[in-house]
Amino acid sequence: MDIFDYDNVLLLPRKCRVNSRSECDTSVEFGGRRFVLPVVPANMKTVIDEPIAEYLAANGYFYVMHRFDLDSVAFAKRMRERGLFVSISSGVKDADRAVIDRLAAEGVGADYITIDIAHGHAESVRRMIAYIKERLPQTFVIAGNVGTPEAVIDLENWGADATKVGIGPGKVCITRLKTGFGTGGWQLSALKWCARVATKPIIADGGIRHHGDIAKSVRFGAAMVMIGSLFAGHEESPGATVEVDGKLYKEYYGSASDFNKGEYKHVEGKRILEPIKGKLADTLREMREDLQSSISYAGGRVLADLRKVNYVILGGENAGEHLLM
């Protein structure tokens with residue numbers, strides 16, 4: 001198989017069929033709902049909080065609330081009271097099962113639950129999927145993270161409604177340095193590899209550095225794209241504001257970092273400072289406009305048209321054009 005990442009792939013344009021880029025539809029159906037964009041902020045403590053989740057849900061965007069130092073049931077109740085959909089994260093421990101029990105017993109439920117652990121191809125995930133499906137059968141279950149076709153096949157067979165692909169490609173993830181494993185450096189190839197066997201939606205998680213990488217992710221099979229660093233560092237972002245040499249930054253750290261864990265144990269993440277970018281709404285608008293442009297370059301009108309384009313791999317021994325692969 002070809003090994004490549006976002007930086008060394010470019011999509012090839014086709015004849016434009018729209019009079020204006022604004023005609024292009026960036027929306028996507030996911031889990032029975034239609035969302036404005038195929039993007040979701042990473043479910044990390046320095047990326048999303050309750051006000052951001054509320055804003056996204058109320059304005060037609062998908063979100064996944066993080067699970068750290070949070071009463072997920074109370075959060076779900078507040079979202080229900082606002083008439084908004086509930087999308088939460090879960091681990092695989094007894095405390096996580098207790099949350100599922102409370103959601104079921106109190107009639108709150110959840111529209112989406114993301115089982116989110118570092119190595120999602122695990123028996124513990126199989127058991128957790130079954131647990132959720134038994135107690136909350138209407139819930140759309142996303143499971144991950146994984147990085148191989150075998151894992152995608154297993155998670156789908158275990159009952160996951162979508163799988164999250166990406167082991168350590170994120171900007172604040174150091175899994176490949178600490179363990180020698182992961183999709184960091186070839187995340188786009190891993191996505192293509194996994195999408196070939198998937199029969200249910202895939203969320204591409206990590207490695208997105210530019211808005212054009214969203215279009216590339218969709219081209220290679222992603223239904224949704226989870227983004228950390230591009231969503232961190234906004235005025236509304238929950239990370240602490242830090243001033244360095246007169247410039248303002250927001251802290252951004254990995255879920256497997258000691259900053260998130262509160263202790264230095266099994267650390268696979270780090271902390272960085274992101275320059276403050278301004279308002280989140282402005283970034284979302286720009287993402288939509290850029291993705292509309294991507295669709296127009298693809299000769300399309302809707303998001304799925306991105307999957308029809310050819311691409312080139314830049315540099316390396318395997319450089320060349322690849323037709324509809």
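Biologist: Which residues are exposed on the other side of H1?
Modeller: Pro51 and Ala58 are exposed there. Bear in mind that this is a predicted model.

Biologist: And which residues of helix H1 are buried?
Modeller: H1 covers residues 50–58, and Glu50, Ile52, Ala53, Leu56 and Ala57 are buried in it.

Biologist: Why do you say they line one face of the helix?
Modeller: Looking down the axis of H1, the buried residues fall within an arc of 160 degrees, so they line one face. As a general point, an α-helix has 3.6 residues a turn, so residues three or four places apart point the same way.

Biologist: What do the buried residues of H1 pack against?
Modeller: They pack against E4, helix H2 (72–81) and H10.

Biologist: E4 is a strand, then. What is the strand order in the open sheet?
Modeller: The order is E4-E10-E9-E8-E7-E6-E5, seven strands with parallel pairing.

Biologist: Which are the edge strands?
Modeller: Strand E4 (39–41) and strand E5 (87–90), each of which pairs on one side only. From one strand to the next, the twist averages 25 degrees.

Biologist: How many bridges hold E8 and E9 in their pairing?
Modeller: Three, in the parallel sense, between residues 162–165 of E8 and residues 202–205 of E9. Within that pair, Lys164 stands opposite Ile203 in E9.

Biologist: Change of topic. How many salt bridges in the whole structure?
Modeller: A search finds 22. One of them is between the side chains of Asp305 and Arg17, at 3.9 Å, N to O.

Biologist: Where do Asp305 and Arg17 sit in the chain?
Modeller: In distant parts of it, 288 residues apart. Asp305 is in the loop between helix H10 (280–297) and strand E14 (311–313), while Arg17 is in the loop between strand E1 (9–11) and strand E2 (28–30).

Biologist: Is Asp305 buried or exposed?
Modeller: Asp305 is buried, with a relative accessible area of 8%. Arg17 is partly exposed, with a relative accessible area of 44%.

Biologist: What about Arg135, which residue does its side chain meet in a salt bridge?
Modeller: Asp101, at 3.0 Å, N to O. That pair also links distant parts of the chain: Arg135 is in helix H4 (residues 123–135) and Asp101 in helix H3 (residues 94–105), 34 residues apart. Arg135 counts as partly exposed at 30% relative accessibility, and Asp101 is partly exposed too, with a relative accessible area of 32%.

Biologist: And Asp213 with Lys216, where do those two lie?
Modeller: Both are in helix H8 (residues 212–219), three residues apart, about one turn of the helix.

Biologist: Why does Lys216 count as buried?
Modeller: Because its relative accessibility is 11%, and buried means under 20%. Asp213 is buried as well, with a relative accessible area of 3%.

Biologist: Which residues do salt bridges that share partners join into one network?
Modeller: Glu50, Glu54, Arg78 and Arg82. Glu50 is also one of the buried residues of H1.

Biologist: Last topic, the largest nonpolar core. Which members touch the most others?
Modeller: Phe30, Phe62, Tyr63, Leu103 and Ile227, out of 93 residues in that core.

Biologist: Take Leu103. What is it in contact with, leaving aside neighbours within four places in sequence?
Modeller: Leu103 is in contact with Val73, Ala76, Ile88, Val108, Gly109, Ala110 and Leu136.

Conventions
Residues are numbered from 1 along each chain as its sequence is written. This is a predicted model: local features need pLDDT of at least 70, side-chain atom pairs count only at pLDDT 80 or more; totals for chains, interfaces and linings use all residues. Side-chain values use heavy atoms; hydrogens and water are left out. A nonpolar core is a set of buried Ala, Val, Leu, Ile, Met, Phe, Trp, Tyr and Cys residues joined through side-chain atoms within 4.5 Å. Buried means under 20% relative accessible area, exposed over 50%, partly exposed in between (1.4 Å probe, protein chains only). Contact means heavy atoms within 4.5 Å. Two strands pair if DSSP finds at least two bridges between them. Helices (H or I, at least four residues) and strands (E, at least two) are DSSP runs, numbered from the N terminus. Axes are lines fitted to C-alpha atoms, for helices over the stretch in contact, and angles run from 0 to 180 degrees between N-to-C directions. A salt bridge is a side-chain nitrogen of Lys or Arg within 4 Å of a carboxyl oxygen of Asp or Glu. The arc is that of the directions from the helix axis to the C-beta atoms.
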